[in-house]
Amino acid sequence: MDRLSYATSSAGLTLPDGKIALFGALIADGLGDLDPQQLEVIQRFHPEFTAWEKRVATGTEPKGPYATSIVTLPRVRALAQVRIAQAAQATPGGLVVISGAKTDGIDPIAKALKKKVTLLGNVAKAHGRCLWFQASGALDDWLAPEMSRNAEGDFTAPGVFSAAGSDPASQALADALPETLKGNFADLGAGWGWLSREILKRDGVKTLHLVEADQTALTCAKANVTDTRADFHWHDATTWKAAGTLDGVIMNPPFHTGRKGDPNLGQAFITSAARLLPAHGQLWMVANRHLPYEATLEAHFRDVSEIAGNSKFKILHASRPSRTRR
(Lines give C-alpha, C1' and ligand atoms only; values in the text may rest on other atoms or scores of the structure.)
Protein backbone atom coordinates (compact mmCIF):
# COMPACT_ATOMS: atom_id res chain seq x y z
CA MET A 1 0.00 0.00 0.00
CA ASP A 2 3.05 2.31 -0.01
CA ARG A 3 2.33 3.55 -3.54
CA LEU A 4 -1.33 4.21 -2.76
CA SER A 5 -0.47 6.07 0.42
CA TYR A 6 2.05 8.19 -1.46
CA ALA A 7 -0.46 8.92 -4.22
CA THR A 8 -3.11 10.07 -1.76
CA SER A 9 -0.76 12.09 0.44
CA SER A 10 1.52 13.66 -2.16
CA ALA A 11 0.31 13.10 -5.70
CA GLY A 12 -3.25 14.39 -5.75
CA LEU A 13 -5.18 11.12 -5.64
CA THR A 14 -8.51 11.55 -3.83
CA LEU A 15 -10.69 8.50 -3.29
CA PRO A 16 -14.40 9.22 -3.62
CA ASP A 17 -16.76 8.33 -0.79
CA GLY A 18 -18.30 4.90 -1.01
CA LYS A 19 -17.46 1.24 -1.22
CA ILE A 20 -13.95 0.23 -2.27
CA ALA A 21 -13.00 -3.06 -3.93
CA LEU A 22 -9.48 -4.46 -3.69
CA PHE A 23 -8.82 -6.74 -6.66
CA GLY A 24 -6.09 -9.28 -5.98
CA ALA A 25 -4.85 -7.55 -2.83
CA LEU A 26 -2.11 -9.36 -0.90
CA ILE A 27 -2.35 -9.68 2.86
CA ALA A 28 1.36 -8.82 3.21
CA ASP A 29 0.69 -5.37 1.71
CA GLY A 30 -1.79 -4.49 4.45
CA LEU A 31 -4.50 -1.84 4.17
CA GLY A 32 -2.53 1.36 4.67
CA ASP A 33 -4.90 4.17 5.59
CA LEU A 34 -8.01 2.53 4.12
CA ASP A 35 -11.06 2.05 6.33
CA PRO A 36 -11.81 -1.70 6.64
CA GLN A 37 -15.52 -0.94 6.90
CA GLN A 38 -15.53 0.43 3.35
CA LEU A 39 -13.64 -2.47 1.80
CA GLU A 40 -14.34 -5.66 -0.09
CA VAL A 41 -11.41 -7.83 -1.16
CA ILE A 42 -11.79 -9.86 -4.38
CA GLN A 43 -9.40 -12.80 -4.09
CA ARG A 44 -9.45 -16.27 -5.72
CA PHE A 45 -6.26 -17.68 -4.16
CA HIS A 46 -7.25 -19.69 -1.10
CA PRO A 47 -4.45 -18.78 1.36
CA GLU A 48 -4.93 -15.07 0.65
CA PHE A 49 -8.73 -15.42 0.77
CA THR A 50 -8.70 -17.06 4.21
CA ALA A 51 -6.24 -14.49 5.56
CA TRP A 52 -8.33 -11.55 4.30
CA GLU A 53 -11.73 -12.84 5.43
CA LYS A 54 -10.56 -12.56 9.02
CA ARG A 55 -10.09 -8.81 8.54
CA VAL A 56 -12.54 -7.48 5.94
CA ALA A 57 -15.41 -8.54 3.71
CA THR A 58 -13.96 -10.96 1.16
CA GLY A 59 -15.34 -12.66 -1.95
CA THR A 60 -14.18 -14.44 -5.08
CA GLU A 61 -16.26 -12.36 -7.52
CA PRO A 62 -16.96 -8.61 -7.58
CA LYS A 63 -20.46 -7.64 -6.50
CA GLY A 64 -20.36 -3.91 -7.08
CA PRO A 65 -21.09 -1.29 -7.91
CA TYR A 66 -18.07 0.27 -6.25
CA ALA A 67 -17.05 3.90 -5.92
CA THR A 68 -13.39 2.88 -6.25
CA SER A 69 -11.61 -0.25 -7.36
CA ILE A 70 -7.95 -0.73 -6.49
CA VAL A 71 -6.12 -3.35 -8.54
CA THR A 72 -2.94 -5.07 -7.38
CA LEU A 73 -1.21 -5.89 -10.65
CA PRO A 74 -0.52 -9.61 -11.18
CA ARG A 75 2.60 -10.72 -13.02
CA VAL A 76 0.80 -12.28 -16.04
CA ARG A 77 -0.09 -9.65 -18.64
CA ALA A 78 -3.26 -11.37 -19.86
CA LEU A 79 -4.55 -11.74 -16.31
CA ALA A 80 -3.64 -8.13 -15.52
CA GLN A 81 -5.74 -6.87 -18.42
CA VAL A 82 -8.70 -9.02 -17.44
CA ARG A 83 -8.49 -7.90 -13.81
CA ILE A 84 -8.31 -4.22 -14.75
CA ALA A 85 -11.25 -4.57 -17.13
CA GLN A 86 -13.31 -6.37 -14.46
CA ALA A 87 -12.53 -3.58 -12.01
CA ALA A 88 -13.66 -0.95 -14.51
CA GLN A 89 -16.85 -2.88 -15.23
CA ALA A 90 -17.66 -3.15 -11.52
CA THR A 91 -17.01 0.56 -10.92
CA PRO A 92 -19.28 2.39 -13.39
CA GLY A 93 -18.29 6.04 -13.54
CA GLY A 94 -16.04 5.58 -10.51
CA LEU A 95 -12.30 5.53 -10.02
CA VAL A 96 -9.95 2.67 -10.92
CA VAL A 97 -6.52 2.70 -9.27
CA ILE A 98 -3.73 0.35 -10.32
CA SER A 99 -0.62 -0.34 -8.29
CA GLY A 100 2.19 -2.53 -9.56
CA ALA A 101 5.91 -3.15 -9.56
CA LYS A 102 8.12 -2.65 -12.58
CA THR A 103 9.03 -6.34 -12.42
CA ASP A 104 5.32 -7.20 -12.70
CA GLY A 105 4.89 -5.18 -15.88
CA ILE A 106 3.32 -1.94 -14.69
CA ASP A 107 5.11 0.14 -17.34
CA PRO A 108 3.73 -1.81 -20.35
CA ILE A 109 0.28 -1.77 -18.74
CA ALA A 110 0.50 2.00 -18.27
CA LYS A 111 1.50 2.42 -21.91
CA ALA A 112 -1.41 0.26 -23.08
CA LEU A 113 -3.87 2.12 -20.86
CA LYS A 114 -2.82 5.51 -22.23
CA LYS A 115 -4.12 4.40 -25.63
CA LYS A 116 -7.55 3.57 -24.23
CA VAL A 117 -8.30 5.89 -21.28
CA THR A 118 -7.24 9.27 -19.93
CA LEU A 119 -4.97 8.77 -16.97
CA LEU A 120 -5.83 11.19 -14.17
CA GLY A 121 -2.59 10.45 -12.34
CA ASN A 122 0.54 8.37 -12.82
CA VAL A 123 3.28 8.41 -10.20
CA ALA A 124 6.41 6.34 -9.62
CA LYS A 125 7.11 4.97 -6.15
CA ALA A 126 8.76 1.94 -4.52
CA HIS A 127 10.14 0.46 -7.76
CA GLY A 128 6.76 0.64 -9.41
CA ARG A 129 3.82 2.89 -10.28
CA CYS A 130 0.41 3.92 -9.08
CA LEU A 131 -1.98 5.24 -11.72
CA TRP A 132 -5.68 6.01 -11.85
CA PHE A 133 -8.47 6.78 -14.30
CA GLN A 134 -12.25 7.08 -14.49
CA ALA A 135 -13.97 3.80 -15.24
CA SER A 136 -15.80 3.44 -18.55
CA GLY A 137 -16.49 0.80 -21.16
CA ALA A 138 -13.21 1.55 -22.95
CA LEU A 139 -11.60 -1.61 -21.57
CA ASP A 140 -14.39 -4.04 -22.36
CA ASP A 141 -12.26 -5.65 -25.06
CA TRP A 142 -9.82 -6.70 -22.31
CA LEU A 143 -12.49 -8.88 -20.72
CA ALA A 144 -12.19 -12.59 -21.43
CA PRO A 145 -14.31 -15.71 -20.90
CA GLU A 146 -13.87 -17.43 -17.56
CA MET A 147 -12.00 -20.16 -19.44
CA SER A 148 -11.25 -21.14 -23.02
CA ARG A 149 -9.62 -24.06 -24.83
CA ASN A 150 -5.87 -24.02 -25.39
CA ALA A 151 -4.05 -25.50 -28.38
CA GLU A 152 -4.37 -29.00 -26.88
CA GLY A 153 -8.12 -28.63 -26.46
CA ASP A 154 -8.13 -28.25 -22.68
CA PHE A 155 -9.88 -25.50 -20.75
CA THR A 156 -7.51 -23.00 -19.15
CA ALA A 157 -7.60 -19.32 -18.21
CA PRO A 158 -5.23 -16.35 -18.07
CA GLY A 159 -2.84 -16.62 -15.14
CA VAL A 160 -3.16 -20.33 -14.41
CA PHE A 161 0.07 -22.35 -14.48
CA SER A 162 1.02 -23.76 -17.89
CA ALA A 163 -2.13 -22.39 -19.52
CA ALA A 164 -0.82 -22.93 -23.07
CA GLY A 165 -0.53 -26.70 -22.68
CA SER A 166 0.50 -29.63 -20.53
CA ASP A 167 3.58 -29.04 -18.38
CA PRO A 168 6.67 -31.13 -19.31
CA ALA A 169 7.33 -31.93 -15.64
CA SER A 170 3.81 -33.29 -15.22
CA GLN A 171 4.25 -35.31 -18.41
CA ALA A 172 7.44 -36.86 -17.00
CA LEU A 173 5.70 -37.72 -13.73
CA ALA A 174 2.71 -39.27 -15.51
CA ASP A 175 5.03 -41.45 -17.58
CA ALA A 176 6.78 -42.70 -14.43
CA LEU A 177 3.66 -43.62 -12.46
CA PRO A 178 2.91 -47.33 -12.03
CA GLU A 179 0.03 -48.67 -14.06
CA THR A 180 -0.98 -50.67 -10.98
CA LEU A 181 -2.01 -47.75 -8.76
CA LYS A 182 -4.82 -48.83 -6.46
CA GLY A 183 -6.93 -47.06 -3.88
CA ASN A 184 -7.58 -43.47 -2.90
CA PHE A 185 -5.23 -40.70 -4.00
CA ALA A 186 -4.74 -36.94 -3.83
CA ASP A 187 -3.20 -34.63 -6.41
CA LEU A 188 -1.87 -31.72 -4.37
CA GLY A 189 -1.70 -28.52 -6.41
CA ALA A 190 -3.78 -30.09 -9.18
CA GLY A 191 -3.91 -26.97 -11.36
CA TRP A 192 -6.26 -27.25 -14.31
CA GLY A 193 -6.29 -31.02 -14.14
CA TRP A 194 -3.93 -32.47 -16.76
CA LEU A 195 -1.99 -34.70 -14.35
CA SER A 196 -5.16 -35.73 -12.54
CA ARG A 197 -6.66 -36.94 -15.78
CA GLU A 198 -3.56 -39.06 -16.40
CA ILE A 199 -3.77 -40.54 -12.90
CA LEU A 200 -7.39 -41.50 -13.50
CA LYS A 201 -6.36 -43.59 -16.51
CA ARG A 202 -5.34 -46.20 -13.91
CA ASP A 203 -8.38 -48.39 -13.37
CA GLY A 204 -7.32 -49.25 -9.83
CA VAL A 205 -7.76 -45.67 -8.64
CA LYS A 206 -10.98 -45.50 -6.62
CA THR A 207 -11.01 -41.80 -5.77
CA LEU A 208 -8.78 -38.87 -6.70
CA HIS A 209 -8.92 -35.67 -4.68
CA LEU A 210 -7.89 -32.62 -6.71
CA VAL A 211 -6.63 -30.02 -4.24
CA GLU A 212 -5.94 -26.58 -5.72
CA ALA A 213 -5.60 -23.13 -4.14
CA ASP A 214 -6.33 -21.15 -7.33
CA GLN A 215 -10.10 -21.15 -7.77
CA THR A 216 -9.78 -20.24 -11.44
CA ALA A 217 -7.55 -23.25 -12.11
CA LEU A 218 -9.91 -25.51 -10.17
CA THR A 219 -12.87 -24.31 -12.23
CA CYS A 220 -10.92 -25.31 -15.35
CA ALA A 221 -10.10 -28.67 -13.78
CA LYS A 222 -13.78 -29.36 -13.24
CA ALA A 223 -14.32 -28.86 -16.97
CA ASN A 224 -11.30 -30.95 -17.96
CA VAL A 225 -11.67 -33.86 -15.53
CA THR A 226 -15.12 -35.39 -15.92
CA ASP A 227 -14.37 -38.78 -14.36
CA THR A 228 -16.84 -39.49 -11.57
CA ARG A 229 -13.98 -40.67 -9.33
CA ALA A 230 -12.68 -37.09 -9.13
CA ASP A 231 -13.40 -34.97 -6.06
CA PHE A 232 -12.53 -31.26 -6.16
CA HIS A 233 -11.29 -29.12 -3.26
CA TRP A 234 -10.57 -25.37 -3.29
CA HIS A 235 -7.99 -25.33 -0.54
CA ASP A 236 -4.37 -24.72 0.37
CA ALA A 237 -2.62 -28.05 -0.23
CA THR A 238 -0.32 -27.45 2.74
CA THR A 239 -3.24 -27.41 5.19
CA TRP A 240 -5.89 -29.58 3.49
CA LYS A 241 -7.25 -32.54 5.45
CA ALA A 242 -8.62 -35.65 3.78
CA ALA A 243 -11.96 -36.93 4.99
CA GLY A 244 -10.85 -40.56 4.61
CA THR A 245 -7.69 -42.63 4.31
CA LEU A 246 -5.37 -42.00 1.37
CA ASP A 247 -3.22 -44.65 -0.24
CA GLY A 248 -1.07 -42.21 -2.15
CA VAL A 249 -0.25 -38.62 -3.00
CA ILE A 250 0.90 -37.53 -6.44
CA MET A 251 2.08 -33.99 -7.05
CA ASN A 252 3.97 -31.48 -9.14
CA PRO A 253 4.29 -28.83 -6.42
CA PRO A 254 4.77 -25.14 -7.23
CA PHE A 255 8.09 -23.61 -6.34
CA HIS A 256 7.47 -19.92 -6.92
CA THR A 257 5.99 -17.25 -4.70
CA GLY A 258 5.40 -14.39 -7.11
CA ARG A 259 8.52 -14.09 -9.24
CA LYS A 260 10.86 -15.57 -6.64
CA GLY A 261 11.81 -19.22 -6.43
CA ASP A 262 10.79 -20.55 -3.02
CA PRO A 263 11.85 -24.13 -2.22
CA ASN A 264 10.01 -23.79 1.10
CA LEU A 265 6.72 -24.06 -0.77
CA GLY A 266 7.55 -27.46 -2.25
CA GLN A 267 8.95 -28.57 1.09
CA ALA A 268 5.63 -27.62 2.71
CA PHE A 269 3.84 -29.80 0.13
CA ILE A 270 6.08 -32.73 1.11
CA THR A 271 5.33 -32.17 4.79
CA SER A 272 1.62 -32.07 4.00
CA ALA A 273 1.83 -35.30 1.98
CA ALA A 274 3.54 -37.07 4.90
CA ARG A 275 0.86 -35.80 7.28
CA LEU A 276 -1.92 -37.06 5.01
CA LEU A 277 -0.53 -40.53 4.40
CA PRO A 278 -0.94 -43.59 6.66
CA ALA A 279 1.87 -46.08 7.29
CA HIS A 280 1.35 -47.85 3.96
CA GLY A 281 0.97 -44.63 1.95
CA GLN A 282 3.23 -43.62 -0.92
CA LEU A 283 4.25 -40.33 -2.52
CA TRP A 284 5.22 -39.70 -6.13
CA MET A 285 6.39 -36.23 -7.08
CA VAL A 286 8.32 -34.35 -9.76
CA ALA A 287 10.69 -31.46 -9.18
CA ASN A 288 13.16 -29.39 -11.11
CA ARG A 289 16.57 -31.01 -10.87
CA HIS A 290 18.11 -28.21 -8.77
CA LEU A 291 15.46 -28.06 -6.04
CA PRO A 292 16.65 -29.34 -2.62
CA TYR A 293 13.80 -31.65 -1.68
CA GLU A 294 15.61 -34.85 -0.74
CA ALA A 295 16.45 -33.79 2.82
CA THR A 296 12.81 -32.90 3.52
CA LEU A 297 11.66 -36.20 2.05
CA GLU A 298 14.15 -38.13 4.17
CA ALA A 299 12.98 -36.26 7.27
CA HIS A 300 9.40 -37.42 6.72
CA PHE A 301 9.69 -40.80 4.96
CA ARG A 302 11.83 -43.84 5.73
CA ASP A 303 12.28 -44.85 2.09
CA VAL A 304 13.15 -42.25 -0.57
CA SER A 305 14.45 -42.82 -4.08
CA GLU A 306 14.71 -41.20 -7.48
CA ILE A 307 12.88 -43.48 -9.90
CA ALA A 308 13.22 -41.50 -13.15
CA GLY A 309 14.36 -38.19 -14.50
CA ASN A 310 16.46 -36.26 -16.96
CA SER A 311 18.69 -33.20 -16.94
CA LYS A 312 15.72 -30.94 -16.09
CA PHE A 313 13.47 -33.00 -13.82
CA LYS A 314 13.68 -35.71 -11.18
CA ILE A 315 10.86 -38.10 -10.30
CA LEU A 316 10.96 -38.94 -6.60
CA HIS A 317 9.18 -41.75 -4.77
CA ALA A 318 8.77 -41.94 -1.00
CA SER A 319 7.07 -44.47 1.25
CA ARG A 320 6.69 -45.41 4.91
CA PRO A 321 5.98 -41.95 6.38
CA SER A 322 7.91 -41.54 9.61
CA ARG A 323 5.45 -40.08 12.10
CA THR A 324 7.94 -39.95 14.96
CA ARG A 325 10.17 -37.54 13.03
CA ARG A 326 7.53 -34.97 12.05
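This is a predicted model: local features need pLDDT of at least 70, side-chain atom pairs count only at pLDDT 80 or more; totals for chains, interfaces and linings use all residues.
Figure 1. Because R202 sits in the loop between α6 and β11 while E179 sits in the loop between α5 and β10 (183-188), the pair ties together parts of the chain that are 23 residues apart in sequence.

**Figure 2. The salt bridge between K116 and D141.** Side chains of opposite charge can pair when their charged atoms come close. Here K116 forms a salt bridge with D141, and the closest N and O atoms are 3.0 Å apart. The pair links distant parts of the chain, with K116 in the loop between α4 (106-114) and β6 (119-125) and D141 in the loop between β7 (128-134) and β8 (148-149), 25 residues away. K116 is partly exposed, with a relative accessible area of 28%, while D141, at 55%, is exposed.

**Figure 3. Further salt bridges, including the pair of R229 and D227.** A search of the whole structure finds 12 salt bridges, and one of them joins R229 to D227, with the closest N and O atoms 2.8 Å apart. D227 has a relative accessible area of 26% and is partly exposed. Salt bridges also link K102, D107 and R129 in a network.

**Figure 4. The aromatic pair formed by F49 and W234.** One aromatic pair is found when the whole structure is searched. The ring centres of F49 and W234 are 5.2 Å apart and the ring planes stand at 65 degrees to each other, so the pair is edge-to-face. This pair, too, links distant parts of the chain, because F49 belongs to helix α2 (residues 46-52) and W234 to strand β12 (residues 230-234), 185 residues apart. F49 counts as buried at 12% relative accessibility, whereas W234, with a relative accessible area of 22%, is partly exposed.

**Figure 5. The largest nonpolar core, seen around L173 and I250.** This core has 27 residues, and those with the most contacts inside it are L173 and I250. Among the elements that give two or more residues to the core are the helices α5 (168-176), α6 (194-199) and α7 (215-224), together with strands such as β11 (205-212). Leaving aside residues up to four places away in sequence, I250 touches several residues, among them L173, L177, F185, L195 and W284. A second, separate core has 25 residues, including I84, A85, A110 and L113.

Figure 6. Most residues other than glycine have a negative phi, and most peptide bonds are trans. The peptide bond that joins G64 and P65, however, is cis, with an omega of about -10 degrees, and P65 is found in the loop between β3 (57-59) and β4 (68-72). H127, a residue other than glycine, has a positive phi near 60 degrees; H127 lies in the loop between β6 and β7 and counts as exposed at 72% relative accessibility. S162 is not a glycine either, yet its phi is positive, at about 55 degrees. S162 is found in the loop between β9 (155-156) and α5, and with 22% relative accessibility S162 counts as partly exposed.

Terms used: Residues are numbered from 1 along each chain as its sequence is written. Side-chain values use heavy atoms; hydrogens and water are left out. A nonpolar core is a set of buried Ala, Val, Leu, Ile, Met, Phe, Trp, Tyr and Cys residues joined through side-chain atoms within 4.5 Å. Buried means under 20% relative accessible area, exposed over 50%, partly exposed in between (1.4 Å probe, protein chains only). Helices (H or I, at least four residues) and strands (E, at least two) are DSSP runs, numbered from the N terminus. Contact means heavy atoms within 4.5 Å. Rings of Phe, Tyr and Trp (its six-membered ring) pair if their centres lie within 6.5 Å; planes under 30 degrees apart count as stacked, over 60 as edge-to-face and the rest as tilted. A salt bridge is a side-chain nitrogen of Lys or Arg within 4 Å of a carboxyl oxygen of Asp or Glu.
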